[in-house]
Amino acid sequence: MKNVAVIPGDGVGPEVINATETVLSEMPVELKFTEYPAGDAALEDRGAALPDETLTGAREADAVLLGAIGDSAADVVIRLRQELDTFVNLRPIKGYPGVDCICPETDMVIVRENTECLYAGIESNIASGVTTATRVITEYASKRIARYAFDYARSEGRDLVSAIHKNNVLPVTGGQFLAAVDEVAAEFSVELEDVLVDAAALHLVRYPRRFEVILTTNLFGDILSDLAAGIVGGLGLSPSANIGEDHGIFEPVHGTAPDIAGTGKVNPTGAILSGSYMLKFLGEGELAKKLEKAVEKTLHEGKTTPDLGGSLTTAEMTEAVLKRLP
Ligand code: ATP
């Protein structure tokens, strides 16, 4: 029996988490789901966006399933990632047959450093009208994320790692990152290239197939993964996994989508695929593949919510995925 801490959160979070729990509950794996409060509603009800019981529950669980957090995201998502030291944010970006998009052949993974950069939370108002933010890039964290990316490339049969940076403007922090990446790359027989983040944004839209594994720092990874999600059909499809030595937090890339919250139209795919990454993390790789195949079939047959041109509700699309599970 594996214990899963469930944090539905705000906006569409509870809807996509409900869909994911529904699917996972029908699979031949023993999961015990325990729900915990966090986010804007928790802040209002309990005075804490991330109550102590939630942090403890997340720490003690075998994995965490998270929906979406509203305005208090920094106090919940970023804090959870730091407290549980989930130093990798893995964001697969893949075109699915049947989904209308810019480049259906896209198949890349973004490996984003998850603990530092401008997310270190060091912002100051140093004088009236003058503010600063500190970008923290360490050799330790850069080597750790680079090793994960190269290991991942090797184990998944990928030939190229693209390190994305802005070294021409940020030579000290960018230089630290690239030096660490170079050193780790020497241990692997996987090709490494480095690309400026602005050029990478252009290439992502014009030639997305050239990328296999993107390795980058926290903020660039955040922005590029939304851009890349747009290439394959939008935010509703994109899963993510936050992975560390001892913990895993699984959440869709999208936010609380307040414009569609409560309408029953949110696409549950990103959350369900995050659930499949959770299965893999929990040692259920075969089940994870079966779940991804069921999602693929569902998309291929056009059984989708309105964001992908379909007319199904969240519950109907979830049911369609369930029906396609072997
Ligand atoms: P937040 O402030 O929480 O990040 P947001 O609206 O700024 O919320 P997202 O939640 O990421 O950002 O949504 C961006 C757009 O994509 C919205 O128009 C939203 O409706 C749409 N969207 C996001 N996720 C989904 C989904 N799962 N299904 C359908 N549409 C989605």
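Of the 326 residues of the chain, 53% count as buried (under 20% relative accessible area with a 1.4 Å probe, protein chains only; exposed is over 50%, and partly exposed lies in between). The model is predicted, so local features need pLDDT of at least 70 and side-chain atom pairs count only at pLDDT 80 or more, while totals for chains, interfaces and linings use all residues. Residues are numbered from 1 along each chain as its sequence is written, and side-chain values use heavy atoms, with hydrogens and water left out.

The chain holds eleven helices and twelve strands. These are DSSP runs, numbered from the N terminus: H or I over at least four residues for helices, E over at least two for strands. The radius of gyration is 19 Å, close to the 20 Å that the globule rule gives for 326 residues, so the chain is as compact as a globular protein of that length. This radius is taken over C-alpha atoms, and the rule is 2.2 Å times the number of residues to the power 0.38. Along its principal axes, the C-alpha trace spans about 50 × 45 × 40 Å. Among contacts (heavy atoms within 4.5 Å) with a separation of 6 or more, 74% join residues 24 or more positions apart.

Ten strands form an open sheet with mixed pairing, in the order β2-β1-β3-β12-β11-β4-β5-β10-β8-β9. Two strands pair if DSSP finds at least two bridges between them. At the edges lie β2 (31-35) and β9 (191-196), each pairing on one side only. From one strand to the next, the twist averages 25°. Strands β8 (residues 160-165) and β10 (residues 213-216) pair in the parallel sense over four bridges. S162 has I214 in β10 as its bridge partner. Helix α8 (residues 218-231) packs on the sheet and touches β4 (88-94), β5 (107-113), β8 and β10. The direction of α8 makes about 155° with that of β5. Axes are lines fitted to C-alpha atoms, for helices over the stretch in contact, and angles run from 0 to 180 degrees between N-to-C directions.

Three aromatic pairs were found in a search of the whole structure. Y148 and Y152 have ring centres 6.3 Å apart and planes at 20°, so this pair is stacked. Rings of Phe, Tyr and Trp (its six-membered ring) pair if their centres lie within 6.5 Å; planes under 30 degrees apart count as stacked, over 60 as edge-to-face and the rest as tilted. Both tyrosines belong to helix α5 (residues 139-155), where being four residues apart separates them by about one helical turn. Y148 is partly exposed, at 21% relative accessible area, whereas Y152 is buried, at 11%.
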